[in-house]
Each structure stands twice: as structure tokens, then as C-alpha cells.
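Subject: Structure handover

Dear colleague,

Here is the structure I said I would pass on. Please have it open while you read the notes below.

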Amino acid sequence: AVGLPPRISRPWAYSACPSCPCPQTNLACIDADCRPVNSGFIELGKGPWDDVNATPATAVGFRACAKACEASDGFAFLLEESGRCLLIHEPRLTQDTALKGTSIRGRTAFRRTSCSTFSCPAGTAPTPTMPTPRSEESEEVSAAACCRCSANQVRDRSKEPVDLVCVVCPAGRAAKNDDCHACTEGYAPEGASECAACPTGEIPDHGRTDCTPCAPGEYADGETCRLCRFPRFLNDNNCIWWHLPMIVLLLLFCSALVFLGHRITKRRRRRWTERREEEVNQILQQLEQELWHEKLNTMNRFFVALSGFGWSWNQVCQRAEEIRARHSAHAGVSLAYLMGDFSRVAYDWSGEDDPTFLRLKEVFWQGEEKLGSDIRCPRDGRPGCALVDWLSPEHRQMQTHFMSWSWQYSLQQLQSAMKMWRGTTTLDFQEVFFYICFFVNNQFRIIVEGSAIGSDNLEEVFEKNLRRIGRVVAVLDTWQQPVYLQRVWTIYEQYVACSLQVPVTFVMPEHASVSLSDQISRGASGIDDVTSSLCHVDVADARAFDPRDEEKVKRTIECTVGFDRVNQHVKHAMIQWIGVVVKEKFQRLVDAADREDVFSV
């Protein structure tokens, strides 16, 4: 409490007194509690109050002490149980100031009231500007001195100055600075705290006590109702020219037309663009097809066709280069060329009737004159092309089959195997084009320059090409310990094809096929010999001509599925093929027996 030492606890409490703010003026707010006020003094309670700076008074009893404190302009007094009182003259004491001295029990403290402790009547509020501490205790303490009226009320000047009677301002006036001021603009109903503007289409009445609407056909112009005459008309208390709405409607209509026109134009432009793109794509598709059989006037014809769509000569040439590079990577060598013209090329370069492909590698790319060295490679634009790019257009087209084989085979071995394969298919050999690494890979880069190896882009070489081509022809040289199952490339190719579920057709040269048929004719022992020979697969011991290829392929297998998995896959493929061969062999025997029975009849 104000003037109480914080170390002294309050030994009592008013059980019937409410908390602040106090509801009555005879209660004062001290330390968030309401205390009774008697003769202008607030009873702070009985307890061990200190008497530092206290002056003994001759007065005895509460009322005498209160008068003595007022007469001496004291701040508070302490009333002892004997009736004697001590006066305190400390006007600067605040709520956290301690009164120090000898503690004497049985004293009751009383403090003079002030505006800071005064409880304002209901409907009023404390005056915001409070007196200074020095004059606080000597000021007049009353509702009139300490309180002010609420925002929409003013003090009734006809009452006594000590009384605070608040009244509302009459209509036409608003409360401001504790006085009622007449409205110069707008209106004010009774009890208004400020003057307000009239609603749209209304003006204040003469006394500014209320608003009255304008008559039909009139509009509120400030605080005057005016008649809206032709050529204007009234619209939401606005007197506007009649043609303005028409202009607005016309603008809206024109905007709608512009919007629709823009949408239609945009749609037509999109359709036109789509048609042009479709026409361009059709022309580019035709260009892609014709570049397989490119002629001298091909580029000129397609430049004329594409120039109508804004293509420059450089753009046409660039697209043609992209197509040629893709053709080079996807082109296969024709079966007709393998079976015919290639024999003459092999003889001219090697001087042998039946060279192996290892021998052809030497004469093609390891001699003084290198095949394809003077031809620009479509894939990288540098001199030195793949063998497939060296062929004439009729012998190089989109790949239809993937050949799995070994460079240790001789030319006649491969041709004999292809002859045997032709007997098992209904395809026209003029329409068969093989992916053969000897022809498709740029051996000029691999063998001559050494800038690439066969296992570069291993995943692309096998998985991507096998998925794209979708058919494999596996060429075995023989069934007795075939070279095919001793080379790491062919074993890996067989495994990848099996894993991707790409159909594989096995084929052998004619003499090997006849030998296999004879062996199967021996029955169980012959079939066991064939199975034992073809199921001897060990990729860990397989070899490749380039040690770098061997290392990379084996590392790829070892880091993915492992050698055992590859061996099992290839053995399974061999067993399935042997089963098919045995079945076909016995079917031919049954068919031959049926024909003999028919002839004998």
C-alpha cells in the first residue's frame, strides 16, 4: 500500500470490501483493494507501523487526530490503542516507500485521500491529467475535481462545483472538450459524441438533429437536394449524362468483342501453328526416310519445302546432320551384302577366299591403307567412319536383328550359318539388316586411333540396342567346345538378352548342324555329350581380344549379378535350345516315317 513498508505483512483484511475499481466514492483504491474512507482519510489497517519522521500530536481519538492532520497539512497519521496519534508530513511518499523506525504493535494507519485513490462514480472516468505529488495531498478530493464525464456526455454546469453531474448533449450538438458544440456539418442525434455525415441521398434537417431523404428525382449535392434534369438522369445519387451508361455498355461490348476476337485469333493461331508443326514433322519424317537413300538433289528439295515454314539452309543442314548421325548409329548391314558382295571386298583386301574376321581387321584398319579413312563419320564429323557408313544405301538400313558372334569365325562359317538361318525364317533376306559390331562400331576410332574401346557405353551398346532391335541371332561355330562360350562378349550378350526376355535364335554352320543332328541320332548318350559340351560355361575364364574390354565386362558382371548368375542364365538358354533341336530332330524322323508308310501303301 502507499506509505506502507513492504516487509510488514497485513494482519487483517476487509472481507466485505471488493477489489478495484471500487463501486462507491466512499471507498478508495489502495494496492488493488478497496479501503473505507472516513472523514477524508483512508484506513490502511492495524499493525506494527513504523514512526520514522512521525511527530507526536496532542490530539486524542480519531476525529481529533484527523483534524490535527488536516490542520498541519499532514500526509498520514498513526493512531495508537491509547488514542494518542503520531502525524506524518511526507508528501512525497509513494507506494514502495518504507517508513523506518522502532516497531510498536497496536497502531492503526490512516492516509489522506487524493485523486489518485478516489473512486469515480459509475459512468465517469478518472481525469487523465493528475496533480503533481507535491500538491496532491492538499488538493480538493471530489468527483468534480478528480473525475470527468464519458465521451458522449458533458458536465452539467448548473450543479454545484463540487458535484459531478453528467448529461448527454441535445440533438444537433456533439460532446467535445467537456462541452456541447453545435454541428457545422452533418448531424448529431441526442447523446452523440461527434457529428456524422448523412447517408447517401439524404441531407441534414434544419437543426441538424436528423437526416431527411431527398425527394424523388433529386440528389444530395453536399447538404442541398437538387433536381436532376434531362439530358442527365439519376443513378445512385449521381446525376450523370444519359449517354455515359451507353458509352460504358458500348465499351463493355467492345471489350467483350476484343476478348472474343483475341480468343478466336489465339485459337486459330494455335491451330495454324499445330498444322504447320504437323506439316513440318511430316516433311522431316520424309527427310529421315529419304536420307537412307540420299540423292544429289535431296537437300535442295527439302530446303525448298521447309523454307516455306521459315527454315534457313543452315537449319535444314543441321537437322540433316542429326538424322545422318542417328542413321549411322542405327544402321545395320544387309544379309544380302554379307552373303554376296562382301566376299569380293574381303578377297580384294585380304587375298584370301575364306579369311577370318580377325584377319579382315588387320587388312582393313591395321595396314598402310585403311578402309573408310577418307570418309567423314556422321556421328562426330571427323574423318574415318564405321564400315556400315562405307556401304551403299541399299546395304545399310535400320537394324532388324542383333547378331551375337565372335571375330574368330571365318567368313564362310558366318555365311554358312546365315544360310542355315534363312531356311528357318520366312523373312525376305533383302529386308534383314544386322547389328554386327564389326560393321556398326567405328573401328577406325577403336583400332586405328585407340580413342575408344568396344566396352565404352556398355549399357547403351547392349541393353539399349537389344531393347530397340528386339531380336537376337546367336551364331555358334560348333557344338563341341564352341568358341562362342569361351568369349566374354558373347556370354555377356547371351545373359543380357535372356534377362531382357529378348527372343534368341541359335544357328550354326551347315557342317556343325549336320554333326549335331548325327550326335542326337545316337540317342541318350549323344544328347548327354551335346549337353555336357554346351553347358560348360565359365564367364570368369572367358576372354576378349582387348584386355580393357575383358576387364570392364567382367567388372560389370561382378558388380551387378555375379559370375554364377550369368553362367546359370547362359546354361539354361543352351539347355532350352538343345531341347528344341532334339524335338525338331525327332519330329523330322516321325514325319519321314509317316511319308515312307504312305509310299509303301
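The model is a predicted one. I start with the disulfides, then turn to one helix and to one pair of helices.

Disulfides

Cysteine 20 and cysteine 29 are joined by a disulfide, with an S to S distance of 1.9 Å. The torsion about their S-S bond is about 120 degrees, so this disulfide is right-handed. Cysteine 20 has 25% relative accessibility and counts as partly exposed. Cysteine 29, at 28%, also counts as partly exposed.

I describe two others here.

In the disulfide between cysteine 115 and cysteine 146, the sulfur atoms are 1.8 Å apart. The S-S torsion of cysteine 115 and cysteine 146 is about -70 degrees, and the disulfide is therefore left-handed. Its two ends come from distant parts of the chain, 31 residues apart: cysteine 115 sits in the loop between β7 (107–112) and β8 (124–126), and cysteine 146 belongs to helix α3 (residues 143–146). Are these two cysteines buried or exposed? Both cysteine 115 and cysteine 146 are buried.

Cysteine 169 and cysteine 180 form a disulfide with S to S at 2.0 Å. The torsion about the S-S bond of cysteine 169 and cysteine 180 is about -90 degrees, which makes the disulfide left-handed. Cysteine 169 lies in the loop between β11 (166–168) and β12 (173–176), while cysteine 180 is in strand β13 (residues 179–182), so the bond ties together parts that are eleven residues apart in sequence. Cysteine 169 is buried, its relative accessible area being 0%. Cysteine 180 is buried as well, with a relative accessible area of 17%, which is under the 20% limit for that class.

Two further cysteines have accessibility values. Cysteine 498 is partly exposed, with a relative accessible area of 27%. Cysteine 559 is exposed, with a relative accessible area of 63%.

Helix α8

Which residues of helix α8 (residues 341–350) are buried? They are Phe342, Val345, Ala346 and Ser350. Viewed down the axis of α8, these buried residues fall within an arc of 110 degrees, so they line one face of the helix. In general, an α-helix has 3.6 residues a turn, so residues three or four places apart point the same way. Arg344 and Asp348 are exposed on the other side of α8.

The buried residues of α8 are covered by elements that include α7 (335–339), α9 (357–365), α10 (387–390), α11 (411–422) and α12 (437–440). After α8 comes glycine 351, which has a positive phi, near 75 degrees.

Helices α16 and α17

The axes of helix α16 (residues 510–521) and helix α17 (residues 524–534) come within 6 Å, crossing at roughly 135 degrees. α16 and α17 are therefore oblique to each other, since angles over 145 degrees would be needed for roughly antiparallel. On the α16 side, the contact is made by Leu516, Gln519 and Ile520. These meet Gly526, Ile527, Asp529 and Val530 in α17. By type, the residues of the contact of α16 with α17 comprise four nonpolar, two polar and one charged.

Regards

Methods:
Residues numbered from 1 in each chain as written. Predicted model: local features only at pLDDT ≥ 70, side-chain atom pairs only at ≥ 80, totals over all residues. Heavy atoms only, no water. Axes fitted to C-alpha atoms, helices over the stretch in contact; angles between N-to-C directions. Helix = DSSP H or I, 4+ residues; strand = E, 2+ residues; numbered from the N terminus. Parallel < 35°, antiparallel > 145°, perpendicular 65-115°, else oblique. Contact = heavy atoms within 4.5 Å. Nonpolar A, V, L, I, M, F, W, Y, C, P; charged D, E, K, R; others polar. Disulfide = S-S within 2.5 Å. Buried < 20%, exposed > 50% of the residue type's maximum accessible area, 1.4 Å probe, protein only. Arc of directions from axis to C-beta.
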